[in-house]
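Open the structure in your viewer and keep the selection tool at hand. We will go from stop to stop together.

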Amino acid sequence: MGVRIKPEETAARGIRRIARTQMDKAIDALERGEETGFDVAVHTARKQFKRVRALIRLASDGLGRDLSTRENLRFRDAGRPLSEVRDAEVLIQTLDRLVQGQGEGGQTASISAAREFLVQRKMSAKEALLDEGERLSTTSAILARAHSDVKRWKIRRDGWDAFALGLKRIYRQGLVGFHQASDAPTDESLHEWRKRVKDLWYALEVLRPIRPGFTRPRIELARRLAETLGDDHDLAVLGLTLGELASPFQPRIDTRRAELGREAMDLGRVLYDQTPSAFAERFRAYWRAWRAEFRAARLDPPLESPSELEAESRPAGPSRNSLEETNPER
């Protein structure tokens with residue numbers, strides 16, 4: 001799978017390759033929009049934008065503050081024109097799931113009125129996106145430039161040092177989000193936690209080959225937690241968007257959100273069961289073993305940096321990079 005690190009490449013090469021692969025998928029989705037359908041194209045592109053940003057967060061210590069910030073902002077801004085249309089479609093799907101089986105064919109008068117409102121809202125957002133200066137083409141052009149820029153990314157750290165602080169930060173932010181959502185489960189705290197959980201999900205996908213037996217179940221756990229929190233967020237936005245139109249099924253929204261909240265807390269306790277330092281150190285050990293096994297098989301590739309072996313064998317220590325205490329801009 002193109003979004004995972006490979007044993008035959010250095011960390012720096014893997015970061016560049018994975019970034020280009022994710023950008024290629026986004027570009028292809030937008031270019032094939034007429035073939036696959038507008039909704040599929042928008043959803044696929046936005047998902048890849050999020051994966052690129054998660055990779056940047058994971059590799060932020062290797063990329064450095066300036067490069068990480070620049071690329072994170074570039075992909076945040078590139079995805080914004082697509083967000084309103086995708087979010088409008090998600091609300092239609094959320095309503096359909098919520099009221100499935102209610103009324104004759106699920107089409108009571110109140111449900112029909114709410115759904116018609118959401119459909120018209122989506123159509124307006126879609127027309128605005130397509131009418132405003134061919135913004136899909138503009139997004140594709142941004143992606144093409146970003147793809148070209150990747151080969152010039154200067155990655156200042158290699159080996160595990162390229163990922164160490166980024167993974168620790170991602171896990172720590174998710175743990176903090178878990179505690180904040182547990183103490184005060186507001187719409188905002190749950191949504192922020194969800195974003196940090198998705199960062200961990202995508203980061204573990206990149207690192208999966210290092211120790212599949214450890215990463216696979218945690219990837220699945222993070223995916224389930226992110227989707228549970230996503231369903232909760234969609235229901236919250238649905239109620240706010242519909243306003244009075246939601247009143248006939250607001251009790252159902254509240255009941256379902258309570259169920260999702262309990263499920264999220266149960267999943268969070270399992271996923272965030274370690275300290276950030278212990279979690280990151282476990283991966284450092286896995287990385288060393290993984291690379292040692294590869295070298296022992298006499299398949300070690302030429303090093304991109306002569307310091308990589310030194311970096312891999314060097315004990316963990318404080319980084320001079322101030323990103324350790326910096327939250328990447330959302």
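This is a predicted model: local features need pLDDT of at least 70, side-chain atom pairs count only at pLDDT 80 or more; totals for chains, interfaces and linings use all residues.

Residues are numbered from 1 along each chain as its sequence is written, and side-chain values use heavy atoms, with hydrogens and water left out.

**Stop 1: the largest pocket.** Select Arg46, Lys50, Asp87, Arg194 and Lys198, the closest to the pocket's centre of the 36 residues that line it. About 1200 Å³ of space lies here. A pocket is an open set of points on a 1 Å grid over the protein atoms alone, with protein on both sides within 12 Å along at least five of seven lines; lining residues have an atom within 4 Å of a point. A volume is the space filled by probe spheres set on the points, which are joined across faces, edges and corners.

Now colour α3 (38-58), α5 (65-98), α9 and α10, each of which supplies at least two lining residues. Helices are DSSP runs (H or I, at least four residues), numbered from the N terminus. With 11 residues, α5 gives the most to this lining.

**Stop 2: proline 81.** Stay on helix α5 and pick proline 81. Is proline 81 buried or exposed? Its relative accessible area is 17%, so it is buried (under 20%, with exposed meaning over 50% and partly exposed in between; 1.4 Å probe, protein chains only).

**Stop 3: arginine 194.** Move to helix α9 (residues 187-207), where you will find arginine 194. Arginine 194 is buried yet has no salt bridge (a side-chain nitrogen of Lys or Arg within 4 Å of a carboxyl oxygen of Asp or Glu). Its nearest side chain of opposite charge, aspartate 234, is 5.1 Å away. Beyond neighbours within four places in sequence, arginine 194 is in contact (heavy atoms within 4.5 Å) with Ala226, Leu229, Gly230 and His233.

**Stop 4: the largest cavity.** Select Asp187, Leu190, His191, Leu229, Asp232, His233, Ala236 and Arg257, which line this cavity. Here a 1.4 Å probe fits but cannot get out. The volume is about 40 Å³, and the structure holds one cavity of 30 Å³ or more. Helix α10 (212-242) and α9 each supply at least two lining residues, and α10 gives the most, with four.

Key: Lys and Arg count as positive and Asp and Glu as negative; His and the chain ends are not counted.
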